[in-house]
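Please examine the protein shown below.

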Amino acid sequence: MNTRLLSRRDVADLLDPGTCRVAVEEAFRQHGAGEAPPPQVFAVPVEGGGFHVKAGTLRGVRRYFAAKVNGNFSGNERLGLPRIQGVIVLCDAEDGSVLAVMDSSEITKLRTAAATAVAAAQLARAGSKTVTIVGCGVQGRAQLRALARVLPLERAFAFDENRERAARFEESFSLKGQEEEPGGAGGRLAVRVAVRAAESLCEALAESDVVVTCTPSKKPLLFSSSPLRPGTFVAAVGADAEDKQELDVGLLASAKVVTDVTAQCVAFGDLHHAIRAGLISASDVHAELGEIVAGKKPGRTSQDEVIVFDSTGMALQDVAAAAAAFERAEAERIGDLVSLSR
C-alpha cells in the first residue's frame, strides 16, 4: 500500500472553495445527524504559540479518518513564515491504511472559510449585500471568496489594525475589478465585489449585513454597543485558543449563538469567555451548525435577530476537505507515492 504525498501547491490545485464548501457542508450534516462519531481535539501550548491535534472520521466514498497536527505561532510573520503550519494524515478507517499525508495550511484556510459560507447560507439574511472583513490576512481573503459564492455580495469593507494590510487587501481585489481563484475541481470564479479599506470599523459595521472576524486578537473587537444593524450575521473565526477573543461577552449574551461544536466553544472560543463571565451557559446556545444543516433545528427565525456563529474549527471539516483533495489526486495521479512500511 503506497501513501500519496501532497504539497501545499498540490492541495491548492486540487481543492477549490466550491468543492470544499460542499464537502464541509456534508461533514456538518453528518455531525448534526449523529452519523459521525464526535470529533476530537487536543492542544499543547508552548512559548510563543502552540500545537493542536484535531481528529475525526466520516463516511464518504469510503470511511475516512484524518488527524491534523497544526502549529500556530502568531509571531511568525516577523520571521517570514506562515502563522499556521502542519500536516494532515488521511487514513482508510476500515483497515487503517495511510492513504495520504498532505500539507494542512491550505486545507485549514479553505475549510475555515467554507464553514463560514455554510453558516452564512443558513443564517445570514437573504439578499445580504455588504460584508465587513475584520482581519486582512490570508484567511480574510479566503472568507470573502467563500462568501461571494453563497451571498449576493456587492460591497466589502476591509478592516485591519495594520492599515497597510487593509490597503493591500483592497488592492488585491481591485487590480482588475475582480480577483479570480486559482484552478481546482470547481473551476475559476471571479469575485466581483467592490472592496474598500475602512478607516473606521464602526462606520463599516453600520453599513454591513455580514461581519467576519478572523484575527489572532486577544481582546474584543466587537461589542454589544457596536453599531451592528438589526439582522446582522457575525462569524467569529479567530478565537481558536483559550486566550484569544474577538467578541465582547455582552455581544454573545445579547445575540442568538450558533456554534460549530459547542463543547469546543465552551473550552475555547468566544463562547468560552462569555461563560466564564457568567453571562451565558452552554444551554443558551441555540444550535450547533450541523443540527441546522441536518434540519433538526431552525436557523434564522427573524429578520432582525443578530446571529453569532462561533467557529473554532471542527475536525470533521479537515476530514472532508482532505478526502476531497485525495480523491481528485487519485483520479489525476497527482502527488508522489511512497511506501511508509519499507
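Predicted model: local features only at pLDDT ≥ 70, side-chain atom pairs only at ≥ 80, totals over all residues.

The fold of the protein chain comprises 11 helices and 19 strands. For 342 residues, a compact globule would have a radius of gyration near 20 Å; the chain has 19 Å and therefore agrees with that expectation. Along its principal axes, the C-alpha trace spans about 60 × 50 × 40 Å. Of the 342 residues, 56% count as buried. Among contacts between residues at least 6 apart in sequence, 72% join residues that are at least 24 apart.

How many aromatic pairs does a search of the whole structure find? The search finds three. One of them is formed by Phe 51 and Phe 73, whose ring centres are 5.5 Å apart and whose planes meet at 75°; because this angle is over 60 degrees, the pair is edge-to-face. Phe 51 belongs to strand S3, whereas Phe 73 sits in the loop between strands S4 and S5, so the pair ties together parts that are 22 residues apart in sequence. Phe 51 is partly exposed, at a relative accessible area of 39%, and Phe 73 is partly exposed too, at 21%.

Phe 169 and Phe 173 have ring centres 5.1 Å apart and planes at 40°, so this pair is tilted. These two residues are four apart in helix H5, which means that about one helical turn separates them. Both Phe 169 and Phe 173 are buried.

Notes. Residues numbered from 1 in each chain as written. Heavy atoms only, no water. Rg over C-alpha atoms; globule rule 2.2 N^0.38 Å. Buried < 20%, exposed > 50% of the residue type's maximum accessible area, 1.4 Å probe, protein only. Contact = heavy atoms within 4.5 Å. Phe/Tyr/Trp six-rings, centres within 6.5 Å; stacked < 30°, edge-to-face > 60°.
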